[in-house]
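Please keep the sequence and the structure in view while reading.

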Amino acid sequence: MMTDMGGNTLFIGTPNEELHESPAFFRNLASDEHAHSFGILYDLMYSKEDVSSASAMLQKFFPSDLTSMEVEELDLAKLLLVAMDIQLHQHQAADPRLGDKLDELIAAHGTDSADWNRISRQRSILDEK
């Protein structure tokens with residue numbers, strides 16, 4: 001992995017032929033209203049590694065109470081994961097309401113589907129931080 005002066009991160013690796021999941025899963029939302037803003041938010045956080053800009057964008061383009069957003073539940077779960085990660089990077093703790101809502105969504109959907117299994121695994125990674 002290498003990051004240039006402009007903040008662009010280049011990942012170099014070998015393709016994993018066993019990877020059956022889309023690497024863009026966490027970056028994309030089904031909601032037309034929020035997809036573009038979320039894509040930029042995700043890129044700021046994970047490609048540019050600019051937590052402060054990602055946090056500012058989260059506050060500007062998304063409601064202050066993310067748990068009450070009216071979007072598909074899978075989209076909400078992805079947004080909650082990113083918001084929690086931003087908070088963990090900034091404050092070493094995430095708002096427990098976000099985690100509670102995410103846990104509620106995971107419990108409601110289970111981990112039988114591939115998408116919710118990925119959400120659950122990512123939630124576990126955040127717990128380790």
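Where is the place of D85? D85 lies in helix 3, helices being DSSP runs of H or I of at least four residues, numbered from the N terminus. This is a predicted model, in which local features need pLDDT of at least 70 and side-chain atom pairs count only at pLDDT 80 or more, while totals for chains, interfaces and linings use all residues. Residues are numbered from 1 along each chain as its sequence is written, and side-chain values use heavy atoms, with hydrogens and water left out.

D85 is buried, with a relative accessible area of 2% (buried means under 20%, with a 1.4 Å probe and protein chains only). Contacts are heavy atoms within 4.5 Å, and the table leaves out residues up to four places away in sequence.

| Residue | Residues touched |
|---|---|
| D85 | M45, Y46, L126 and K129 |
| I119 | F25, F26, L74, A77, K78, L81, L102 and I106 |

The largest nonpolar core has 34 residues, and L41, L66 and I119 have the most contacts inside it; such a core is a set of buried Ala, Val, Leu, Ile, Met, Phe, Trp, Tyr and Cys residues joined through side-chain atoms within 4.5 Å. Helix 1 (32-46), helix 2 (51-61), helix 3 (73-91), helix 4 (96-109) and helix 5 (114-128) each supply at least two residues of this core, the largest share, 11 residues, coming from helix 3.

Where helix 1 meets helix 2, S37, I40, L41, L44 and M45 of helix 1 are in contact with V51, S53, A54, M57, L58 and F61 of helix 2.

Conventions
Buried < 20%, exposed > 50% of the residue type's maximum accessible area, 1.4 Å probe, protein only.
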